[in-house]
Amino acid sequence: MSSIVWSLELAPGAKWSGAIARGRLVRFTALEAGANVSMLLYNADDKTERYNMPDTLKAQYTSHLTKGHVLMSDNGRVLASIVEDGLGWHDTIGGCTTREATAAKYGTTSFQRERNDWLRNGRDNLAGELVRCGLGMRDLGPVVNLFSKVYCDEDGNTIFVPGHCPAGASVTLRLEMNALLVLSNTPHPLDPATAYPSSPVAIEVLPADPVDPATDPCVLRRPENRRAFENTWSYFALLGQ
Amino acid sequence: MTVFIHKESERRPDEALYDHIIPAGEGWMRDLRPGQVLRIVDLEGNQAADTLFYDAENPEDHYSAVQTIAGQQNIYLTTGSVLRAESGKPLLTIVADTCGRHDTLGGACSAQSNTVRYAHETLPMHNCRDTFMLQLAKRGDGYTKRDLAPNINFFMNVPVTPEGGLTFADGVSAPGRYVEMRAETSVTALISNCPQLNNPCNAYNPTPVRVLIWES
């Protein structure tokens, strides 16, 4: 796999943020079962533009994300496409954990007592990285929870599916814009496991083949997807890129 | 079979301290003190009242769809629902509701999302996020586009299927139906009375809503 340009093993509880260029693939692989990575995305060149859960879901008539779906920004453009997925379902309505909820569920921990074994939570992880990137709490919104399945019954109750993610499961995004990714490898807030779930996740960045609008499954999935891609291409045409 | 819980209020409009009509396509932004009760009335039926809330003492803490959903482990809003901020702080509680279900996943229309959902030619059409942004511009206080989080669509029905689908349905609301909520803290409310002309949910006919406020 000499085409891998960068890789990182995101340890359980760890966080990461960084910009990744348009035209690259980001492959996430669960190294153990039960992984969950909470992810926020922003346009790296204009961070007022960010992943928008409602726009993404209603344009594609879906409440979950899988291969063929795209992650839309609040400016009607495609930030990233899901080009490979071994799981069939990633959640974007469940949100991320908080310190209070983590302590209530798994017991109170602190760095003072447990050192780096203390239990990290999604909101604190994301908040720290957001500030590092010049953003803040006001920029928090719905995350994509990679590897987790949450569905709704007919009455709207949200139901987490345990055992959805086996070891080795992977999902690959193709970035359609230069994107800032903000990641937290922390449990899904609806995971009923009584022990803090912890699975390391491998992240690999590779070059993507150029998008062929005539054949690309993400472009062709729906007319809505194509128009969002057209908005993205217009954005780069105006920038001369 | 999904149950829609209807709970009527005993509050009388003639005892409200504030009573205002928001025409279709107009915005409204106002502070509520703790304990005050806000009622939004769907005057003609099947209108979407796109609504956001902020903690007035910490405006960077906006209403959060996912915190609200997580808090009740249900995606629909009705009587008893606690509307939470991103921090998890309760902002308001729904205390009466004669509609029975409100959407928290569908978000607000924008010029850009209209081009995606309908056609590029819809770009100039009036939309909710333009209304939100105009209200934030008039308010000042440091609010920017960053503060536009996914909002509540009062009176809208956006069913989600166990298979992971999402649809838009109509017929949930009707003329005169209302939702009423009590502020649990100092809250800033921001409403865009939706001007959407492309979606059959409102029979392509945006209509006014009425807002009333009572002391606790």
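Predicted model: local features only at pLDDT ≥ 70, side-chain atom pairs only at ≥ 80, totals over all residues.
**Close-up views of strand β4(B) and of the A–B contact**

**View 1. Strand β4(B) and its partners.** β4(B) and β8 (residues 152-154) are antiparallel, with three bridges between them; strands (E, at least two residues) are DSSP runs numbered from the N terminus, and two strands pair if DSSP finds at least two bridges between them. Seven bridges link β4(B) to the antiparallel strand β10 (residues 187-193) of chain B, where B:V187 is the bridge partner of B:D55. A hairpin through two residues connects β4(B) to β5(B).

**View 2. The two covered faces of β4(B).** Seven of the seven residues of β4 (residues 49-55) of chain B are buried, that is, under 20% relative accessible area (1.4 Å probe, protein chains only).

**View 3. A salt bridge between the chains.** A:R138 and B:E60 form a salt bridge, their closest N and O atoms being 3.9 Å apart. Five salt bridges are counted between chain A and chain B, each a side-chain nitrogen of Lys or Arg within 4 Å of a carboxyl oxygen of Asp or Glu.

Residues are numbered from 1 along each chain as its sequence is written, and chains are lettered from A and ligands numbered from 1 in the order written. Local features need pLDDT of at least 70, side-chain atom pairs count only at pLDDT 80 or more, totals for chains, interfaces and linings use all residues, and side-chain values use heavy atoms, without hydrogens and water.

How values were computed
Buried < 20%, exposed > 50% of the residue type's maximum accessible area, 1.4 Å probe, protein only. Helix = DSSP H or I, 4+ residues; strand = E, 2+ residues; numbered from the N terminus.
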